[in-house]
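Me: I am new to this one. Could you take me through it in short steps?

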Amino acid sequence: MPVVGLGPHGERASPPERVTLLPQDIADARAKNLRVAIVMHTLESDWSRHLVQGVVGQLGECGAIVIDVVDCQFSAEAQIAALDRLRGEKPDAIISLPVDNTTVTQAHLAVSAAGIKLVLIDNAPTGMLPGKDYASLVSADNYGLGKIAAQLLSDHLPADAAVGLLAYDADFFASNEREIAFSQWMEINRPDVAVKTARFPSIDSAGNAAIRLIDAEADIAGLFVVWDTPCVEVIKAVSPRSKALPISTVDLGQDVTTNLAEGGSVIGIAGQRPFQQGEAVAKTTITALLNRPCPDWVALPGLSVTRSNVIESYQYVWRKPAPRDILIGLDVLRSS
Amino acid sequence: MLSDNAAANQTRSKGRPRNSESAAASLVDVLNLVRLGHATTRQELERVGEYGRAIVADRLATLKDLRLVHESATGIATGGRAPRLVQFASDRARLIVVTLDQSAVGVGLADLHGQLISEHHEIIEITDQTATVDRICALINWMMTRQADAPDLWGISIAVPGPVLTDPDSLYLLETPDFLPNWDRSGLVETLTQRFQAPVWMRSNVETMTMGELHGGAGIGQQSMLFVKIGQRIGAGLVSNGHTYHGAAGAVGLIGHLPVTFDGSAGSLDAMAGAEMIKTRGFAAAQSGESAHLADTLARAGEISAIDVCQAAQVGDEVSAEIVAQSGKLIGGVVATLANMLNPQLIVLAGSIAQTNDILLASIRETVYGASHPLVTRDLRILRSQMSSSAALLGAAKTAAEALFDPTFLKDWITLGSPCLNPAFLQAQASLDANKPQSDEGPPPPPEI
């Protein structure tokens, strides 16, 4: 599946193969005794945990020590404090997922100014430039993920319906791209469908946002939630009221994957490849630390996941067999 | 239209009657002194602007009522009480900036200083003018509705893929210039003016990218810079004495039209070295099987783009590398001629082709250094832009900020508190509405994104 989106500055995507490490690169990296810190927006989601696994494993292969993995809990203040503290530790590189587009900019710029290589995941604060303020951005093709989610949901929408789009109320590259792409796909391919948008400022508030939207727009026949963790809140809030409302989302988190496999309200997932993205992040970091040119934007295409391919998709994303309840839900394993 | 530099240099002579102290003119002066950072306290306004204390107090009170300046912060004390800082309210309203390329569109939001706040880019096919105009409107609508407090919109600035020939005396556009064949009939400017009820400005992509690179990229602090954009078309921009060069009619840097030859073939630089040549030769190499890598791409995707060829070159495909190197040699030859003429400190290469490829950069560097006088190349740096399409958005934002606060335009709206309330603009809008086709009743709402 090709990458269909553009980067935060309009960059064309480079495939992860552009940061392939040769045996000599790995040997050179090992000789440097590198120290790297990781600053994540959250460690609560399955996506985050898989991505960090990919980063840490690949860095380990290159002899780079991970000195800290910080969970910022979506807090800009926590991220600024973490970056300021880690700057004092003088690591060779910091890998960061910026929690927003404005308030954390200065803290990230200070990292680069201190001579520490900065590799970004999923979001580039406005005004920061690749090659100048950070080495590279590594993300999924979030525009493509939005289109996949729209396509999956479209099959479950009747003619002339409305669809609810539960979007994140923060200026964040990844979620913005998904939101815009979802709406554009519907506009082009399902002009009969009206897209009604509601925004949630935090994961906890996603359920209430969905309820308010459904109450206000009686003809809503389906929902798209821009990632899986708030989607779980939406399912909890909506299920008692609208049993038949189909939902699509992004990321193969445990809860939404189980819901999909069991034939619940989740009818399709636009899957990211967090483990492979984590490996690409680590390879990009090593490439930058070897002072070799990095692509401005490395992007990985998404996966279209339905009930028919959820088991192999789970194995691919989670790097382990699907749990028994998923296998039972799909009748490939007897419950006994 | 005056630049910010010209606005800053508008000082009055002593001893003559003070026309500039009429309310609108001195408001314009005081606002631009504060906006451009030439005066940051009341004392500095008195000294730099040569105004009396009462005039400064009165004008600042008016500007504060109009929410164009504020005095909420204090400066550093130099003996007595710390002075209150007079600061420009750059968040008073927003500017929308748009960049349109042959294959992509970008939309951004900027403050009144011309600093980008947010941006989004996506692939688009601009041959369908109606769909392109609708898409731009939808993205602007999305960008504005994403803002928490529904800010006022004071202007829309567009960067387009062609030279923009406009009347230098016009304060803003009311009809679409013919920047590409038949685009004067697209209704782009007219639609944006009517739907968003704000003045619209337009410059060429190359000119705005040059300006953006100067203010936010590799060109910061540079006095002389040559900017070369390489895509389907190849164009150049020039910075001289720290300012972008606009030319007599805005048609600067159309180097893609220059004739070049390679291996016995002749054509324009656009045709011989641009994205179309790279795509066509890449497709031929894929079809013939000369390049196994490109043949594989063609089999999977069903087509070959110039970007595919550049990326194949980057990962070691020899045929693709040769195609890209040809482009680099031809562009390098033309750039060397310009460098020998202009002696720039810096040459910046930008555009989708330059962005995805180090071989092109190396080939251009080799040709320029080989074909230039040693004095020209002694301190010359040749870099790839890190700004991508953000350069065009930032340059468009600077264009809008300069136009909005140009003293000629500013004096017409400052006392009204908004450029959108300027009577001449309202009248122009009414005439646009009157000229609309009868079947089209009322301005349609911006499409939801």
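Me: Which strand is joined to β4(A) by three bridges, and what is its sense?
Reply: This is a predicted model. In it, three bridges link β4(A) with a strand spanning residues 136-140 of chain A. Across this pairing, I121(A) sits opposite V138(A). The partner is β5(A), and the two run parallel.

Me: Which residue of β4(A) does I95(A) stand opposite?
Reply: Strand β3 of chain A covers residues 93-96 and pairs with β4(A) in the parallel sense, over four bridges. In the pairing, I95(A) faces V119(A).

Me: Why is strand β4 of chain A largely enclosed by the rest of the structure?
Reply: Side chains in a regular strand alternate between the two faces of the sheet. On one side of β4(A), K117(A), V119(A) and I121(A) are buried; on the other, L118(A) and L120(A) are buried too. The strand is largely enclosed because its buried residues number five of the five.

Me: Which element gives the largest share of the side of chain B that touches chain A?
Reply: The contact draws 28 residues from chain B and 27 residues from chain A. On the chain B side, elements giving two or more residues include β4 (104-110) and α11 (306-314). The largest share is eight residues, and it comes from β5(B).

Me: How far apart are the centres of domain 1 and domain 3 of chain B?
Reply: The domain assignment puts domain 1 of chain B at 4-10 + 20-88 and domain 3 at 220-386. Taken over C-alpha atoms, their centres are separated by 47 Å.

Methods:
Residues numbered from 1 in each chain as written. Chains lettered and ligands numbered in written order. Predicted model: local features only at pLDDT ≥ 70, side-chain atom pairs only at ≥ 80, totals over all residues. Buried ≥ 20, exposed ≤ 12 C-beta atoms within 10 Å, placed from the backbone. Pairing = 2+ DSSP bridges. Domains from an automatic or database assignment. Contact = placed C-beta atoms within 7 Å.
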